[in-house]
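Trainee: I would like to go through this structure with you. Could we begin with the aromatic rings?

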Amino acid sequence: MFGFTYLDGMAFALFAVTWVAYHHLMEGGWSRGRTLNGRMDGFRLQWMQRMLARENRIVDTQIVAALQNGTAFFASTSLLAIGAALAILQSTDAVMAIFADLPFVAPTRASWEIKTLGLTLIFANAFFKFAWAYRLFNYTTILVGSTPPPAEAASAEAQAHVLSAARMATLAGRHFNRGQRAFFFAIGYLGWYINGWAFMAATVAIFFVMINRQIGRDSHWILDTDAGGRP
């Protein structure tokens with residue numbers, strides 16, 4: 001149907017299952033203390049606890065502003081990617097003429113357009129994740145600004161406020177990670193423009209690269225130090 005084969009269906013199913021599996025691996029209970037993202041959640045709580053003891057919190061607001069700026073950059077990049085995908089969709093005839101001369105590539109017009117629409121949706125998903133992360137970082141700034149003074153640090157209200165600020169920063173970071181995840185899987189999705197085999201190979205390769213970055217030794221050696229500071 002529409003120029004797709006059973007191989008295309010299998011490749012897309014693998015892509016969807018891999019994305020969902022990675023999502024649960026990175027955000028499930030298993031990830032705590034095992035993934036780099038999970039370990040950073042603990043540092044966010046430490047950050048807010050130490051912020052509570054500081055009288056001057058300008059540095060804390062600057063950190064959140066820097067996180068916001070990075071998120072805004074990726075949100076803008078997502079919009080550019082959406083525009084580029086739509087531009088490709090409008091140039092279907094020219095692209096089809098180019099791909100017709102390439103080996104192992106035999107797309108139909110309908111399959112090409114559907115694949116491009118799928119790529120556009122991935123970038124749109126990334127934009128919504130980054131845009132919401134930006135808003136959550138803004139809420140984090142408000143919580144930092146409304147933190148009780150150090151003199152009230154021992155109160156239950158102050159401790160609850162610190163926990164709320166840490167959770168807000170964690171949620172913002174989680175949505176930012178989801179936006180980046182969409183970008184990474186979009187790279188694997190590009191393999192579908194060649195054929196189903198390339199799609200599956202690219203998806204599996206992206207999955208293992210991302211897993212290695214989260215649980216690999218190279219990702220944790222900086223945090224795995226003894227009391228003397230030796231890795």
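Trainee: How many aromatic pairs does the structure hold?

Mentor: There are 23 aromatic pairs in this predicted model. Rings of Phe, Tyr and Trp (its six-membered ring) pair if their centres lie within 6.5 Å; planes under 30 degrees apart count as stacked, over 60 as edge-to-face and the rest as tilted. One of the pairs is Phe123 with Phe183, which is edge-to-face, at 5.9 Å centre to centre and 85° between the planes.

Trainee: Why does that pair tie together parts that are 60 residues apart in sequence?

Mentor: Phe123 lies in helix α5 (residues 109–145) and Phe183 in helix α6 (residues 156–189), so the pair joins parts 60 residues apart. Helices (H or I, at least four residues) and strands (E, at least two) are DSSP runs, numbered from the N terminus.

Trainee: Are Phe123 and Phe183 buried or exposed?

Mentor: Both Phe123 and Phe183 are buried. Buried means under 20% relative accessible area, exposed over 50%, and partly exposed in between (1.4 Å probe, protein chains only). Phe183 also forms an edge-to-face pair with Phe130, at 5.7 Å centre to centre and 75° between the planes. Phe130 is in helix α5, 53 residues from Phe183, and Phe130 is buried.

Trainee: Before we go on, what are the ground rules for this model?

Mentor: Because the model is predicted, local features need pLDDT of at least 70 and side-chain atom pairs count only at pLDDT 80 or more, while totals for chains, interfaces and linings use all residues. Residues are numbered from 1 along each chain as its sequence is written, and side-chain values use heavy atoms, with hydrogens and water left out.

Trainee: New topic: which residues have the most contacts inside the largest nonpolar core?

Mentor: They are Phe15, Tyr22, Ile122, Phe123 and Tyr189, in a core of 31 residues. A nonpolar core is a set of buried Ala, Val, Leu, Ile, Met, Phe, Trp, Tyr and Cys residues joined through side-chain atoms within 4.5 Å. Helix α5 gives the largest share of this core, 8 residues.

Trainee: And what is Tyr22 in contact with, leaving aside neighbours within four places in sequence?

Mentor: Tyr22 touches Arg181, Phe185, Phe207, Met210, Ile211 and Gln214, where contact means heavy atoms within 4.5 Å.

Trainee: Lastly, which elements cover the buried residues of α3?

Mentor: The covering elements include α2 (36–52), α5 and α6. Among the buried residues of α3 are Asp60, Val64 and Gln68.
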